[in-house]
Amino acid sequence: MPDISGDYELLEARLKTLLPEEYRDSYEDVQPVSMGSAGLKFGRDGHVAWDEIWESFCDLAMAGGPPHRGTLLEAATRAEIDLDDLNRGHYRQVVDELCRGVEMVTGLAAEPSSISGWIHVDCPSTSMAGWLVRAVNMENVSAHVDGMILHLPAGPRFRLEKEIKNVITSIAKTCHYWLGHTSVAQHRAVADLFKVMEAESPLIQAPFSARRIRTAAFEKLRDTIAEKIHSQTGLEATAREYHGWLGVSCLNVGAAIWMMRVMVASNVLCRREGNFIYLPVNPSTDRKGDRIAALFARAHRVARAQRMI
């Protein structure tokens, strides 16, 4: 018989290491209720004063708060960017504004990525970049990590008051919690935890590229993971489709929040839309989908044993 109580204690300890101190003993009481959206402010130069917009932020989605977006903000494809270049060249303006805004609200250097559809942010440590990629994805803004580099999405159709603001708000919010609500000691604890998790099961992210091609192999892997999850948990894997993500229906929002956080504590990027959680489908890092299915089944067993679902 699997050690359910041991799994629960392990996952609970990891979650408390990841959460800012203020949430450690109260995260189960956090409600997914939004404070509303802050309006744009403009400086004398006519540009958005990104660093003057927010006085406070909603609770982190990682802690059970409302994700910044209801659906995933995805990066543009190479084809979409090429089409824009033929028309009006708005993409380069979007990238410049994203980099300017990110630097204003975080103090971190931001530049266009070598991968089309993304900008990259230089973090001072792999632990900060690793924590941010988890937290930003849970806000329903695409993010990818590579060492100390955090990639954030860009696209020619991004609007100043919508998608550009979404990206800048998500990184402002998560950096605010990492830099202002976690101690140096916790930063070290997070770094140590990431090393342990990486040795146990390397981080699974959604595929990172400038292309979204529905190949037969990808579709087969997605269906295979869905079948494995259903056979082991009885949960249906069906929801709004995104390339690189598989949606799994949970019984309610509370169950989805708990499962999302536990999957992140299992070294899997995860996010939530309503009572659906989304898991990455990546043939490069989980070729047969065995790791995702096994980790999800463990989380589900623990949730049932603790009457979370």
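## A buried tyrosine pair

Y278 has 1% relative accessibility, so this residue counts as buried (under 20% relative accessible area, with exposed over 50% and partly exposed in between, using a 1.4 Å probe and protein chains only). Y242 is also buried, at 2%.

This is a predicted model, where local features need pLDDT of at least 70 and side-chain atom pairs count only at pLDDT 80 or more, while totals for chains, interfaces and linings use all residues. Residues are numbered from 1 along each chain as its sequence is written, and side-chain values use heavy atoms, leaving out hydrogens and water.

## Aromatic pairs

The count is four aromatic pairs. Rings of Phe, Tyr and Trp (its six-membered ring) pair if their centres lie within 6.5 Å; planes under 30 degrees apart are stacked, over 60 edge-to-face, and the rest tilted. Y23 lies in the loop between α1 (4-18) and α2 (78-87), and Y177 lies in helix α5 (residues 160-180). The two are 154 residues apart, linking distant parts of the chain. Both Y23 and Y177 are buried.

Y242 and Y278 form an edge-to-face pair, with 5.4 Å centre to centre and 75 degrees between the planes. Y242 is in the loop between α7 and β5 (245-249), and Y278 is in strand β7 (residues 276-280). They are 36 residues apart. Helices (H or I, at least four residues) and strands (E, at least two) are DSSP runs, numbered from the N terminus.

## Helix α3 against α5

Helix α5 also packs against helix α3 (residues 90-106), at about 25 degrees and with axes 9 Å apart. Axes are lines fitted to C-alpha atoms, for helices over the stretch in contact; angles run from 0 to 180 degrees between N-to-C directions. The angle makes α3 roughly parallel to α5 (under 35 degrees; over 145 is roughly antiparallel, 65 to 115 roughly perpendicular, the rest oblique).

Contact means heavy atoms within 4.5 Å. V94, L98 and V105 are among the α3 residues involved, and I164, I168 and C175 among those of α5. By class, the contact holds twelve nonpolar, two polar and one charged residue. Ala, Val, Leu, Ile, Met, Phe, Trp, Tyr, Cys and Pro count as nonpolar; Asp, Glu, Lys and Arg as charged; the others, Gly among them, as polar.

## Helix α7 against α9

Helix α7 (residues 216-233) and helix α9 (residues 290-305) cross at roughly 25 degrees, their axes coming within 9 Å. That makes α7 roughly parallel to α9. The contact of α7 with α9 has six nonpolar, three polar and two charged residues. Among them are I225 and K228 in α7, and D290 and F296 in α9.
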